[in-house]
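Trainee: I have just opened this entry. Could you walk me through what is there?

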Amino acid sequence: MPKISLAGWSLHRRFLSQESPLKLLDFPRVAKEEFGIDAIELNNVFFESTEEAYLSRLKESAAQAGVALVGMAVDRTGDPSSLDESQRKESVAAARQWFPVAKSLGLPFFRINTGGHGRESDPESLKRCIESFKELAREAEDYGVKLVIENHWGISANPLNIVRIIEEVGSPYLGTLPDFGNFPDERRPEVLEAVKPALPEGVAPEELRYWGLELMAPYAVGVHAKMYEFDERGNDTRIDVARCVEIIRGAGFDGYWGIEFEGAGDDHEGVVKSKELLERLLAAA
């Protein structure tokens, strides 16, 4: 059976609702009862607390629902690629605070961002980013919790940068979280223009997504199977999900495939259709 999880961001509008927000403590139950999914990825921005009592309640709610906690996406930790050394150090310190949380929850990994927005091709920013991840990889080893890099804009918009960070850090506690959707395209023209010069000869901009996944897949610890909208046959209209699955599977990935619905439509329908498509493709593979 394929291992499918639900990324919390799929329901971000529920979490961020001003009227009746979804509580993180209820997320495991919703994943299981509403979608029949027994594994979830958390988002640090939805935590109400990081105190041990709250973390214990979160673990208990997951256990009661029969749901595994398989990862966490961490945002709002500053810019680890900052050219300002004090800001870079502050970012590393902010990221470090999530290691004990991940350890307490029994998470195998969590993701932080590379930063570097607007400096996608700046070699000095990349150098600073590598330095930050070297420091954080040592912390990851101490805690026994892996750190992962997602293609999530800034420095990481260029998959070559991600590979260079992974290889220069050289730690078994640093891997990737390939996301099917977060690659520069015509919807982010300014980022695409910044990344274009780094594309090898023969790689067209419209192929950047699949070329990038091929680069990231060998280091994958988890996957964000991002989807947006669907045609009458149940296929995503923006991404060749079948091709993405084939690339990741071809690299020997055997972890959780995290559904991350990010379409404008109803999130219940979006997650259900994402799950149906992913299950169909994984069964065929």
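This is a predicted model: local features need pLDDT of at least 70, side-chain atom pairs count only at pLDDT 80 or more; totals for chains, interfaces and linings use all residues.

Trainee: Which way do strand 1 and strand 2 run, and how many bridges join them?

Mentor: Strand 1 and strand 2, the latter covering residues 39-43, run parallel and are joined by 2 bridges.

Trainee: Which strand does Ser5 face?

Mentor: Ser5 stands opposite Gly258, which belongs to strand 8. Strand 8 spans residues 257-261, runs parallel to strand 1 and is joined to it by 3 bridges.

Trainee: Are the faces of strand 1 covered or open?

Mentor: Both faces of strand 1 (residues 4-7) are covered. Ile4 and Leu6 are buried on one side, while Ser5 and Ala7 are buried on the other.

Trainee: Where does Leu6 sit in the nonpolar core?

Mentor: The largest nonpolar core has 87 residues, and Leu6 is among those with the most contacts inside it, together with Leu42, Phe47, Phe110, Ile165 and Phe180. Helix 6 gives the most to this core, with 7 residues. As a general point, nonpolar side chains in soluble globular proteins tend to be buried together.

Trainee: You mentioned Leu42. What is its bridge partner in strand 3?

Mentor: The partner of Leu42 in strand 3 is Met72. Strand 2 and strand 3 pair in the parallel sense over 5 bridges.

Trainee: Let us turn to the helices. Which residues of helix 4 are buried?

Mentor: Arg88, Ser91, Val92 and Ala95 are buried in helix 4. They cover an arc of only 100° around the axis, which puts them on the same side of helix 4. An α-helix has 3.6 residues a turn, so residues three or four places apart point the same way.

Trainee: And what is on the other side of helix 4?

Mentor: Lys89 and Glu90 are exposed there.

Trainee: What do the buried residues of helix 4 pack against?

Mentor: They pack against helix 5 (98-105), strand 4 (109-111) and helix 6 (123-143).

Trainee: Why is helix 5 described as largely enclosed?

Mentor: Helix 5 is largely enclosed by the rest of the structure because 6 of its 8 residues are buried. These are Trp98, Phe99, Val101, Ala102, Ser104 and Leu105. Gly106 follows helix 5 and has a positive phi, near 75°.

Trainee: What about Glu139: buried or exposed?

Mentor: Glu139 is buried, with a relative accessible area of 18%. Its place is in helix 6. Neighbours within four places in sequence aside, Glu139 is in contact with Arg96 and Phe99.

Trainee: Which loop holds Leu25?

Mentor: Leu25 lies between helix 1 (12-15) and helix 2 (27-35). Leu25 counts as buried, at 16% relative accessibility. Not counting residues up to four places away in sequence, Leu25 touches Tyr54, Arg57, Leu58 and Ser61.

Trainee: Finally, the whole chain. How many helices and strands are there?

Mentor: The protein chain has 11 helices and 8 strands. Its radius of gyration is 18 Å, close to the 19 Å that the globule rule gives for 285 residues, so the chain is as compact as a globular protein of that length. Of those 285 residues, 54% count as buried.

Trainee: What share of the contacts join residues at least 24 apart?

Mentor: Among contacts between residues at least 6 apart in sequence, 79% join residues at least 24 apart.

Notes:
Residues are numbered from 1 along each chain as its sequence is written. Side-chain values use heavy atoms; hydrogens and water are left out. Buried means under 20% relative accessible area, exposed over 50%, partly exposed in between (1.4 Å probe, protein chains only). Helices (H or I, at least four residues) and strands (E, at least two) are DSSP runs, numbered from the N terminus. Two strands pair if DSSP finds at least two bridges between them. The arc is that of the directions from the helix axis to the C-beta atoms. Contact means heavy atoms within 4.5 Å. A nonpolar core is a set of buried Ala, Val, Leu, Ile, Met, Phe, Trp, Tyr and Cys residues joined through side-chain atoms within 4.5 Å. The radius of gyration is taken over C-alpha atoms; the globule rule is 2.2 Å times the number of residues to the power 0.38.
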